Amino acid sequence: MLTVDFVNIGLNHYLILSAIVFVIGMLTVLLRRNLIVMLMGIELMLNAVNITFVAFSHYNQLVNGQVMVFFVMTIAAAEAGVGLAICVSIFKRFKEVNISLFENLRG
Amino acid sequence: MASIVPVLVLTAIVVGFGIFLVVVTGMLGPKLPQSELKKKSYECGIEVQETGHSKIPIKFYLTAILFILFDIEIIFMYPWAVTFADSITGGYGLQVLLAMGVFLFVFIVGLFWEVKSKALEWE
Amino acid sequence: MAGDSILFYALSFLIIYFALGVLMNPNPIKAAFNLVLAMVGVAGVFFHLQSGFLGGVQLAVYAGAVMVLFVMVLMIFDLKKERDAFSQGFLGNIGKLLAAGIVVSLVINNVILSSDLQLATSNAAKAESGRDTTKILADLIFTEYVFAFEVLGILLLLVAIGAVSISRIKGGTHADS
Amino acid sequence: MGADLFEIGVNTAKLLVIFLMMVQIVPLLVWVERRGSAYIQNRFGPNRVGPLGLTQLLADAVKFIFKEEFIPDKNRRFIFYAAPVVALIPGALAFAAIPLSIPISVETFELFGQSWGPYTFLFQGYEVGIGIVFVLGVSSLGAYALLMAGYGSSNKYSMFGALRASAQMISYELALGLSLVGILLIFNTFDFQQIIDAQKGQMVIAGNALPLPNWGIFYQPIGFILFVIAVFAETNRLPFDLPEAESELVAGYHTEYGGIKMNMFYIGEYGHMLVASGLMVTFYFGGYNLPWFLPQAEELIASYGNVMAAVILHLVFLAKVGLFLWIFVWVRWTIPRFRYDQLMDLGWKTMLPWALANTIITAIVVFWMRS
């Protein structure tokens, strides 16, 4: 039976919020052509995953999920750092960060 | 229990106050005729050479990236700092101290490398 | 519980609104500012879920550091006009949207159908009562997850070296500068 | 927020009062700054309008409000107008998290034919539970106001000023964050209230009472010095006011701003100073506590009642904060400006290693003392 409770907020509501944010991030990566905006989409997806972790951790009263969020944040920052470093070197070469320019990149 | 409602209320107050000030003073000020010259950005009276900011050194960005990495390492020290005394009374203080010691060693190696590689030099 | 749900809906509205802003705004800098606000909203959700420390870290690391880097890089680039902000090809885009729709509906369906299962697994292991969540979190990082913690330290060192080296490369095989 | 209408009302009023405190401090500090600089440089300063030039502030406010506006480039207009509003937020949110005095308890009372209470009102905007992490997180958002102002003005000097300011802010945020690890190692909590309570009374080391108050500065002198320097850089004040170095960059990121909008940036900056002074007092100078030989909070409550005791301790807190605000002004007119590369070198190559050394030594000492 599919009944949705709109008044009492539970774990499910957070999971659905997280799913929506994740899909928006995914669409950003799929639809946008600017490398940096695509990186932002990845950040959005990681944030959505973090919401899931924290929601489960809160409703299960287990702190392990929060440790994972901490690690995810670290990885996300590292990923942003390297990603943007690559963007900057691409920009220095092509004066543009639109991936439509790089469709036929070769060695 | 800590609630975020007061934080949101204060944010609303501050933003409301700010918008009020910007809007009201925008209406109160004199409306003098605008000219092309007035719209130009202020560069001490010299003719504006380039509106863009195309000549910004990459250094700024390199500083920001190194900042992020070190900032995260520092954020890791915060939970360690508040729990260190507890872990000593719990009997596993040395382990926690050594864990952070190894981490700090990596941190110091990183900092030393950055200084050595002249990534932090500003001319 | 009414106040609780109003807060939740307000925060989710903010997060989704600004996330859509990231997706739709053709100006990359404005998209980045939208993302900052979405992340502040996520920090609000963390606070609301009694994980204040993570909320603070989210503000300090994500909103305050990572996004500053994004905005700075975008300002350094100063793209005059965004050429094809969105991917071209009508059919391809429809396909992508459909895929996204399928993903979100599958997830929501699963979540709604599995609501009974989660109640069974909760209460499995309660956190020690009376202790601060932050302290339990710290204990876990420095005992159970200590290996991951050290590896992350080394990863950060490698990323720092890598980022500096990448920015040193003068154009690679296409060198002209 | 509270259980009933009275509590909600009082808490909201408290937030309003705290925000107004931050806004009000600006004209006062501007006056102190101008008179103080005049005193240091052997001049008169503002002395024509009103006694001691005090009503100069009012005249300034009127002038600020009735200024003609600069209308910026069309597609950046929203960011241009939003930047000063954003500049107000970090200071206000951070300041409201600092406890300004002891909580006030209110007994049950009758009003409008209904009994209310009992309540306990904290003498602070709100209690977030994670104190310093919240403050650091919120104040790291301050960089956006600068970046938005630089981008929105579409002026290369503004842009440079904004980039410089934010690069400086983030560089010193590292030293700032790291200098606080030592004090956290000693007090073992993020919560401001617990930190203040831990600093009551006399300093006791290995069973011997020393004639010193139990304040953080005596445990963490190096941490305090590093914190003060980092805070000066964070607030972009002299000797670290490179972003507005007028000989190089016109006026930095607020070149294109005029009237009340520029004033809002000042409110943000002074709010930052207020938060910084509050943090210094809370972490290193015992918060609102008096030294051990003067009456403590409990004695004050016993002899004057809860409300009067809270007011007295609040005045103590304000006096301590005022001292640090004066030091901000004093330093501004004493030390010349750094060069940009010196500034970055100081942040990364001097402050960061010292803060690291401080952390390591503190950790080892804490380990040795406690086990």
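A: A residue is called buried if 20 or more other C-beta atoms lie within 10 Å of its own, exposed if 12 or fewer do, and partly exposed in between, with the C-beta atoms placed from the backbone. D:Glu33 has 18 C-beta neighbours inside 10 Å, so D:Glu33 counts as partly exposed. This is a predicted model, in which local features need pLDDT of at least 70 and side-chain atom pairs count only at pLDDT 80 or more, while totals for chains, interfaces and linings use all residues. Residues are numbered from 1 along each chain as its sequence is written, and chains are lettered from A and ligands numbered from 1 in the order in which they are written.

Q: In which element does D:Glu33 lie, and how many residues separate D:Glu33 from D:His272 in sequence?

A: Helices (H or I, at least four residues) and strands (E, at least two) are DSSP runs, numbered from the N terminus. By that rule D:Glu33 belongs to helix 1 of chain D, residues 5-40. D:Glu33 and D:His272 are 239 residues apart in sequence, and their C-alpha atoms are 16 Å apart in space.

Q: How should I read the length of a helix, taking helix 9 of chain D?

A: The expected span of a helix is 1.5 Å times one less than its number of residues. Helix 9 of chain D, residues 221-234, has 14 residues and reaches 20 Å from its first C-alpha to its last, close to the 20 Å expected at 1.5 Å a residue. Just after this helix, D:Asn236 takes a positive phi of about 55°.

Q: Which residues of helix 9 of chain D are buried, and what covers them?

A: Since 10 of its 14 residues are buried, helix 9 of chain D is largely enclosed by the rest of the structure. Among the buried ones are D:Gly223, D:Phe224, D:Leu226 and D:Phe227. The cover over the buried residues includes helix 6 (156-187), helix 8 (216-219), helix 11 (259-284), helix 13 (306-332) and helix 14 (340-370) of chain D.

Q: What does D:Trp354 touch?

A: Two residues are in contact if their C-beta atoms, placed from the backbone, lie within 7 Å. D:Trp354, which is found in helix 14 of chain D, touches D:Ile222 and D:Leu226, not counting residues up to four places away in sequence. D:Trp354 and D:Gly223 are 131 residues apart in sequence and 8.8 Å apart in space, C-alpha to C-alpha. With 18 C-beta neighbours inside 10 Å, D:Trp354 itself counts as partly exposed.

Q: Where are positive phi values found in residues other than glycine?

A: One of them is A:Gln61, with a positive phi of about 55°, in the loop between helix 2 (35-60) and helix 3 (64-94) of chain A; A:Gln61 has 15 C-beta neighbours inside 10 Å and counts as partly exposed. Another is D:Asn188, whose phi is near 60°, in the loop between helix 6 and helix 7 (192-198) of chain D.

Q: How do strand 5 and strand 6 of chain D run, parallel or antiparallel?

A: Two strands pair if DSSP finds at least two bridges between them. Strand 5 (residues 202-205) and strand 6 (residues 208-213) of chain D run antiparallel and are joined by 3 bridges. D:Ile205 stands opposite D:Asn208 in strand 6, and in the hairpin, which has 2 residues between the strands, D:Ala206 takes a positive phi near 50°.

Q: How is chain C built, and which residues make up its domains?

A: Chain C has 7 helices and 0 strands, and buried residues make up 42% of its 177 residues. Domain bounds come from an automatic or database domain assignment, which divides chain C into domain 1 (1-79) and domain 2 (132-170). The centres of these two domains, taken over C-alpha atoms, are separated by 23 Å.
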